[in-house]
Amino acid sequence: MSLGPHADFIVAAYAVALAVVIGLVAWVVLDYSEQRRVLGDLEERGARRRSRRQ
Amino acid sequence: MALIDLANPTRFLDLVRRVLPWLIAATVIAFAIGLTMAMNAPDDYQQGATVKIMFLHVPAAWLAMLCWALMSVAALGTLVWRHPLADVAGKAAAPIGAALTFTCLVTGSLWGRPMWGTYWVWDARLTSVLVLFLLYLGVLALYWTAEDPNRGARAAAVLVLVGAINLPIIKFSVDWWNTLHQGESIFRAGGPEIDPTILRPLFAMALAFLLLFVTLHLAAMRNEILRRRVRTMQMMQAQTA
């Protein structure tokens, strides 16, 4: 597969798109683990949600 | 499970937990197929291999606009029906939409330089998409800087509904004004102008981007629900301390 005389532009476009997708996936994954960690800490300290209160 | 049951965040989280692995697998497969088709697509008779940039640029543009349309429906849900998941959906979608609009702008510039001889012109299509990007940043600023999340959500919802006016402007900008950006060549009366050998990879990549958007949006909504639970528990703990 030849990308012709403008290969740099094509490669740069795919690199930017890949970086954006990696960034979005990392944001979602890291945010999830952070929320799970904080939620776990709170529950360990005895905090409960209103709907779970006796 | 009835659709109305999803209004309950706990049931929504259950649904996300079940469908997310399937969506991730479908997204990976769709990108593998789409990228293979894109790399094997023939060169355009005028643009050569740079047509490969279109397989990123156009799906990113479509999804950026679809995301704002989704946020507009969510904004109505926030302002009119005060649906608990509506604001969650809007807030979770905004960073994804901003990233897709950024991708659209950058890949468009990288396509424009070899084809038009410039990275940027202030024509109606490019400018209206830049406005969309700035609107996304405005919505994010309202969500991230508001001290009271409810007030921030309502302000963001108003901005989203006002910004929805920009969607038809983007779509019809190439018809209403004389632009350097090419006119509508896919969804037009008389059918697409693009050859099927290039159109098929484009639709395959658009499906992959759509699946990526749905996957990321559901995962971000899940995170936002958890964040609100954390906030509620922290406030209750502070009250009882």
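**Entry 1: a first question**

What covers the buried residues of helix 4 of chain B? I looked this up in a predicted model, where local features need pLDDT of at least 70 and side-chain atom pairs count only at pLDDT 80 or more, while totals for chains, interfaces and linings use all residues. Residues are numbered from 1 along each chain as its sequence is written, and chains are lettered from A and ligands numbered from 1 in the order in which they are written.

The cover includes helix 2, helix 3, helix 5 and helix 6 of chain B. I noted my terms here. A helix is a DSSP run of H or I with at least four residues, a strand is a run of E with at least two, and both are numbered from the N terminus. A residue is buried if 20 or more other C-beta atoms lie within 10 Å of its own, exposed if 12 or fewer, and partly exposed in between, with C-beta atoms placed from the backbone. Two residues are in contact if their C-beta atoms, again placed from the backbone, lie within 7 Å.

The buried residues in helix 4 of chain B include B:Leu132, B:Leu135, B:Tyr136, B:Val139 and B:Leu142. B:Arg125 and B:Ser128 are buried in this helix too.

I checked the confidence next. The mean pLDDT of chain B is 92, and 97% of its residues reach 70 or more; pLDDT is the predictor's confidence in each residue, from 0 to 100. The model scores ipTM 0.91 and pTM 0.93.

**Entry 2: the two chains**

I found seven helices and zero strands in chain B. Chain A comes to one helix and zero strands. Of the 241 residues of chain B, 38% count as buried; of the 54 residues of chain A, 13% do. The C-alpha atoms of chain B fill a box of roughly 70 × 35 × 30 Å along the principal axes. Among contacts in chain B with a separation of 6 or more, 76% join residues 24 or more positions apart.

I compared helix lengths with the expected span, which is 1.5 Å times one less than the number of residues. Helix 4 of chain B has 22 residues and should span 32 Å, and its end C-alpha atoms are 31 Å apart, so the two agree. Helix 2 of chain B, with 28 residues, reaches 39 Å from its first C-alpha to its last, close to the expected 40 Å.

Helix 2 of chain B is followed by B:Arg82, in the loop between helix 2 and helix 3. I noticed that B:Arg82 has a positive phi of about 50° although it is not a glycine. Most residues other than glycine have a negative phi. Is B:Arg82 buried or exposed? B:Arg82 is exposed, because 12 other C-beta atoms lie within 10 Å.

**Entry 3: the core**

Of its 68 residues, B:Ala64, B:Cys67 and B:Ile96 touch the most other members. Two or more residues each come from helix 1 (7–44) of chain A and from helices 2, 3, 4, 5 and 7 of chain B. Helix 7 of chain B gives the most, with 16 residues.

Leaving aside neighbours within four places in sequence, B:Ala64 is in contact with B:Gly97, B:Leu100, B:Thr101, B:Cys104 and B:Leu132.

**Entry 4: where the chains meet**

How many residues of chain B are in contact with chain A? I read off 32 residues of chain B in contact with 27 residues of chain A. Helix 3 and helix 7 of chain B each supply at least two residues of the chain B side. Helix 7 gives the most to that side, with 14 residues. By class, the chain B side has 20 nonpolar, eight polar and four charged residues. Here Ala, Val, Leu, Ile, Met, Phe, Trp, Tyr, Cys and Pro count as nonpolar, Asp, Glu, Lys and Arg as charged, and the others, Gly among them, as polar.

I picked B:Leu211 in helix 7 of chain B. B:Leu211 counts as buried because it has 20 C-beta neighbours inside 10 Å. Leaving aside neighbours within four places in sequence, B:Leu211 is in contact with B:Leu23, B:Ala26, B:Thr27 and B:Ala30.

My other pick was B:Gly190, in the loop between helix 6 and helix 7 of chain B. With 5 C-beta neighbours inside 10 Å, B:Gly190 counts as exposed.

Methods
Core = buried A, V, L, I, M, F, W, Y, C linked by C-beta atoms within 7 Å.
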